[in-house]
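Please look over the structure shown here. The report below walks through selected helices and loop residues.

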Amino acid sequence: MEAKPVVTRIAPSPTGHLHIGTARTALINYLYARHHGGTFIVRSEDTDRARSTKEFETEILAGLEWLGLEADQFYRQSDRTSIYKNHLEALIENGTAYVSREPSKQDPAVEVEVVRLKNQNKIITFTDLVRGDISFDTTELGDFVIARSLTDPLYHFTVVVDDFLSEVTHVIRGEDHISNTPRQILIQEAIGAQRPDYVHLPLILAPDRSKLSKRHGAVALREYQNEGFLPEAVVNYLALLGWSAGGAQEVFSLTELTKLFTLDHIQKGGAVFDIEKFKWFNREHIRRMSDAELIDAVRDFVPVEYRGTDADTNAVIARLIPLIRERTYTLKEVADGISDGEYSFAFAEPDYDTSLLKWKKDPDVSLALPRLKRAMELISLLPEMPTADEVRSALWDYAESEGRGEVLWPLRVALSGRAQSADPFTLIAVLGREKAKQRITVACAKIEG
């Protein structure tokens with residue numbers, strides 16, 4: 001028998017922000033569908049009219065698009081009420097479900113009509129492609145409610161109908177949905193739906209192995225966007241939370257992940273969310289960006305107060321690229337560095353007190369003068385825009401012979417005007433030979449009075 005084309009789906013509820021867990025589940029569904037040349041569906045489960053909002057739906061869809069998870073189909077459950085109603089009526093007509101008049105849970109004095117499924121009270125066993133066979137005794141479920149009314153179906157019913165009509169072959173979701181599976185299988189059998197394959201992903205855990213929550217840091221995708229994480233890094237890290245490609249490689253593109261993804265490398269145990277490892281992935285993807293891509297990305301994070309100033313130009317940002325590649329983990333760190341003056345050396349002449357040029361072991365600042373002059377002579381031999389490694393090679397032997405701090409400290413201050421900044425090799429690579437020489441000349445003039 002020929003295998004059916006793979007169809008997967010992600011079904012977020014627009015009652016809140018798109019969180020990391022949902023984004024990870026969407027990614028795994030996307031990767032599996034794309035790996036097999038199948039169909040990836042996004043379904044908005046918006047039947048909770050009181051809590052669902054258009055704003056949350058828009059945010060969720062924008063987040064999936066930002067990650068590069070393009071859907072082949074999209075639909076809303078709120079547009080499918082008549083479909084659910086037809087299936088409910090069919091079940092009632094053939095006796096598989098029935099209308100029950102009973103006291104309202106909200107107000108016992110009020111009687112309501114609900115639709116209940118007739119439970120067959122049997123053992124159900126299903127195969128999870130990660131965990132193996134799982135069995136449930138459905139007797140304890142009783143005749144459970146599948147709709148508040150013919151026009152108000154509940155979650156379990158709508159999920160099964162939608163998966164059936166969309167011909168979903170693989171239900172890939174978090175392990176917290178395992179307990180939902182027996183109810184949904186009973187509904188599948190009632191409407192004559194074929195059982196899909198199930199894959200329940202390990203939960204994302206906090207470092208203390210508790211369930212990841214707000215107290216462990218940002219968990220909404222848009223918060224990571226605002227912090228300057230790249231979509232490529234988010235995809236890379238989330239894919240490796242509970243899954244392994246095998247081998248030593250850690251940094252992957254979405255295209256590479258799609259080619260490599262298989263279900264057999266999904267782990268059973270919980271996946272620990274490590275923000276420092278997440279930042280490492282982000283830095284690696286920042287380093288892989290072209291200069292033009294990185295300039296554009298940084299420009300988006302220039303603080304509002306610097307918009308339209310010298311700091312907000314491609315030319316200035318371009319000079320910072322070597323420093324950003326070396327030191328930056330998130331793009332917001334660049335914005336913070338601009339705001340607190342860390343990068344001001346690139347677009348403004350430094351302003352500092354002459355005493356700052358004095359190395360801590362020296363009795364007075366005058367000892368820095370010959371060292372700065374000798375450093376400038378060595379810098380004069382460099383290319384116009386040297387690399388940091390070229391600067392290091394030119395200065396290192398002299399710094400070693402004279403004393404690293406004695407040479408590099410006043411050089412750092414002369415170039416940046418700050419006691420704390422990037423190393424002078426990187427500063428010169430950012431500024432270029434002539435700008436560096438000008439600033440050293442100014443520093444020497446300060447010392448000479």
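At 43% relative accessibility, how does N121 count: buried, partly exposed or exposed? N121 counts as partly exposed, because its relative accessibility is 43%. Buried means under 20% relative accessible area, exposed means over 50%, and partly exposed lies in between (1.4 Å probe, protein chains only).

## Basis of the model

This is a predicted model: local features need pLDDT of at least 70, side-chain atom pairs count only at pLDDT 80 or more, and totals for chains, interfaces and linings use all residues. Residues are numbered from 1 along each chain as its sequence is written, and side-chain values use heavy atoms, with hydrogens and water left out.

## Loops with positive phi

N121 sits in the loop between strand 5 (111–117) and strand 6 (123–128). Helices (H or I, at least four residues) and strands (E, at least two) are DSSP runs, numbered from the N terminus. The phi of N121 is positive, near 50°, and N121 is not a glycine.

E167 is another residue other than glycine with a positive phi, here near 60°. Its place is the loop between helix 4 (155–165) and strand 10 (170–174).

S135 belongs to strand 7 (residues 132–137). S135 counts as partly exposed because its relative accessibility is 48%. Beyond its neighbours within four places in sequence, S135 contacts I123, I124 and T125. Contact means heavy atoms within 4.5 Å. S135 and P182 are 47 residues apart along the chain, yet 8.5 Å separates their C-alpha atoms.

K211 lies in the loop between strand 12 (204–205) and helix 6 (221–226). Its relative accessibility is 57%, so K211 counts as exposed. K211 and I134 are 77 residues apart in sequence; C-alpha to C-alpha, they are 23 Å apart in space.

## D312 and helix 11

D312 is in the loop between helix 10 and helix 11. D312 is buried because its relative accessible area is 14%. Leaving out residues up to four places away in sequence, D312 touches R299, V302, Y306 and R307. D300 is twelve residues from D312 in sequence, and their C-alpha atoms are 9.6 Å apart.

Helix 11 has 14 residues (314–327). At 1.5 Å a residue it should span 20 Å, so the 19 Å between its end C-alpha atoms agrees. The expected span of a helix is 1.5 Å times one less than its number of residues. Helix 11 bends by about 45° at L320, with a proline, P322, following within four residues. The bend at a residue is the angle between axes fitted to the seven residues ending there and the seven starting there. Its buried residues are V316, I317, L320, I321, L323, I324 and R325. Their cover includes helix 9 (275–287), helix 10 (291–299), helix 12 (331–339) and helix 16.

## Helix 14

L395 is one of the buried residues of helix 14, along with V391, Y398 and A399. Helix 13 (368–379), helix 15 (404–416) and helix 16 (424–431) are among the elements covering them. G403 follows helix 14 and has a positive phi, near 120°.

## Helix 15 against helix 16

The axes of helix 15 and helix 16 come within 9 Å and cross at roughly 30°. Axes are lines fitted to C-alpha atoms, for helices over the stretch in contact, and angles run from 0 to 180 degrees between N-to-C directions. The crossing is left-handed; that is, the near helix is turned anticlockwise from the far one by less than a right angle.

On the helix 15 side, L408, L411, R412, L415 and S416 take part. They meet P424, F425, L427, I428 and L431 of helix 16. By class, this contact has eight nonpolar, one polar and one charged residues. Ala, Val, Leu, Ile, Met, Phe, Trp, Tyr, Cys and Pro count as nonpolar, Asp, Glu, Lys and Arg as charged, and the others, Gly among them, as polar.
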